Amino acid sequence: MTIRLARVWPAVLVLLIARTAAQQQQQHDGGGGGGACDAAGDAGMGACAAPGQRGLDAASAIKAGDAAMAEQRYLAAAGQYGKAVSLAPSDPVGHAKRATALVAQGKPFDALRDLDAAVLADVSGRAGSRLSRARIRRMVCHFDGALEDVNKVLEAKEDNGAARAELSTLLDARKALGLAQIAHASNDRESFRRHIDKVLEKCNSCAAARLLLAESMLRAGDADTAVAECGTLLKANAKDLDALLLRGLAYYVSGKVDTCLKHMREGLKYDPEHKGLKAAYRRYKNVDKAMSNGNAAAAENRQADAAASFEKAIAEMQKAANSKDGGIQINHVPRSLASAAHLGACKAHRRLGQAEKAVTACNSAIEASGNGGTAEMLVERAEAFVLQEAWERAMHDAQVAHQKDQGSGAGELYQRVQRMKQMAGRVDYYKVLGLHRGASDREIKRAYKQLALKWHPDKNPDNPEAAEKEFQKVAGAYEILSDPEKKARFDRGEDPNEQNGGGGGGGGGFHHPFGQHFGHHHHHHHGGRQRTFTFRFG
């Protein structure tokens with residue numbers, strides 16, 4: 001209802017003001033009142049002409065403006081009427097006509113300036129300009145000024161039907177706005193919507209009403225309507241700081257942080273000390289910075305930093321939801337931003353081998369998305385379940401992800417998890433080295449070095465057989481995980497030694513990753529048997 005009425009009322013108002021201007025023109029003497037030559041100025045019209053010529057030129061400009069208005073070329077019409085005003089500034093007709101064109105362009109405040117001039121110029125005391133100004137004042141909810149204008153008209157002519165009708169309309173609108181404000185404060189949405197629609201039916205450009213409607217829609221999570229309502233206000237007044245703040249908040253709720261910050265900066269350009277804008281800008285800048293830091297850290301494989309940054313972003317979003325910037329509490333954490341932050345944290349924790357934290361973060365991402373999660377979220381959670389060896393859960397997530405997006409790689413993941421489940425009783429080479437699945441080559445080398453030193457027979461003279469057994473396990477695990485092809489097969493849930501006919505990795509010769517030697521030949525005698533360990537550390 002609001003949108004339909006918003007389109008109808010400007011047209012009605014244009015007709016009323018245009019009719020008033022036409023009446024003034026008919027009552028006018030046809031070209032007098034051009035004003036002093038120095039008041040008219042050059043205005044691009046050549047040298048200062050004689051008063052009669054100025055009147056003719058002004059009349060010609062008004063005629064051209066009328067033609068443009070008939071063709072709905074409102075910008076051109078305003079330009080022609082502006083020429084008439086320059087030529088005859090003391091003539092109310094040009095001002096009233098230009099006000100009509102400005103209202104048609106959605107610029108009621110500019111129109112009011114013209115009508116102020118028209119009222120001052122109308123020395124005959126005719127009611128037309130004053131009544132037109134009352135209508136526009138009512139349209140922007142300047143009720144006191146509108147009431148003053150209407151009363152002036154009625155003082156001159158008590159039985160003025162148009163003035164009495166306007167008085168009734170503006171009193172109804174003022175009452176409806178008061179009731180809407182009460183309903184908004186008590187969060188009575190049904191009553192609020194009924195009264196605010198009535199206000200906007202009569203006051204299409206009322207900033208107070210549109211801000212209330214935008215804030216109410218934002219509370220309900222309808223950021224798009226809030227953006228549209230504030231956009232209408234900014235079209236009429238680009239420096240409306242309340243509208244810039246509220247529209248920025250609405251863009252934030254819709255997940256568009258860059259656009260949110262752009263609106264905040266625009267408002268601060270007009271008033272650098274505006275408390276609401278300053279607080280909001282700092283708050284949402286913190287969210288944006290934390291998200292950017294998380295993405296940068298993830299791209300550079302600094303997973304611990306990435307996890308910390310994404311978790312900070314989530315905390316900043318929660319603070320923003322509970323804050324009141326400019327007296328407005330949004331009560332919402334943006335779904336798209338929150339799900340992206342939780343997903344980033346899930347990925348980072350998984351790559352760090354922190355399975356439980358990864359699952360928790362992925363659960364939050366899926367919940368925040370509001371649609372059961374994306375295929376990417378489900379794949380990430382499935383990989384986290386793999387770390388926990390929760391095979392059935394991993395396969396379920398992979399299956400659902402595949403249904404959502406067959407190009408997500410979830411089908412291959414499902415098959416891999418199936419193979420891992422079948423091989424669950426076999427040696428887990430990552431566990432042997434004390435690592436998580438997906439550990440980096442660097443982590444594998446470091447873990448092997450530490451364990452090789454720990455279990456080397458030379459380091460365990462009191463229990464050489466147990467040390468030998470552990471050392472062989474470590475060496476076998478490293479042999480698999482240091483070989484790209486074998487590691488890839490193992491990661492896919494396949495037998496890494498299948499192609500070589502092996503049985504799970506032994507302690508044969510292998511390349512040491514550190515480019516140094518622990519020793520060459522080690523001889524140990526146990527029970528009359530000599531055991532020789534030969535290690536080639538290239």
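Is N187 buried, partly exposed or exposed? With a relative accessible area of 45%, N187 is partly exposed, where buried means under 20% relative accessible area, exposed over 50%, and partly exposed in between (1.4 Å probe, protein chains only).

The model is predicted: local features need pLDDT of at least 70, side-chain atom pairs count only at pLDDT 80 or more, and totals for chains, interfaces and linings use all residues. Residues are numbered from 1 along each chain as its sequence is written, and side-chain values use heavy atoms, with hydrogens and water left out.

**Backbone at two loop residues**

Most residues other than glycine have a negative phi. N187, although not a glycine, has a positive phi of about 60 degrees. This residue sits in the loop between α9 (161-185) and α10 (189-202); helices are DSSP runs (H or I, at least four residues), numbered from the N terminus. E389 is likewise not a glycine and has a positive phi of about 60 degrees. The loop between α19 (375-387) and α20 (391-404) holds E389, which is partly exposed at 31% relative accessibility.

**Salt bridges**

Side chains of opposite charge can pair when their charged atoms come close. A salt bridge is defined here as a side-chain nitrogen of Lys or Arg within 4 Å of a carboxyl oxygen of Asp or Glu, and the count by this rule comes to 25. Three of these pairs are set out below.

| Pair | Closest N and O atoms | Relative accessibility |
|---|---|---|
| D116 and R133 | 2.9 Å | D116 30%; R133 9% |
| R193 and D197 | 3.2 Å | R193 30%; D197 9% |
| E229 and R210 | 2.2 Å | E229 7%; R210 2% |

In the salt bridge between D116 and R133, D116 belongs to helix α6 (residues 108-121) and R133 to helix α7 (residues 128-139), so the pair ties together parts that are 17 residues apart in sequence. D116 is partly exposed, whereas R133 is buried.

R193 and D197 both lie in helix α10, four residues apart, which is about one turn of the helix. Here R193 is partly exposed and D197 is buried.

E229 pairs with R210. Elsewhere, salt bridges that share partners join D116, R130, R133, R137 and D149 into one network.
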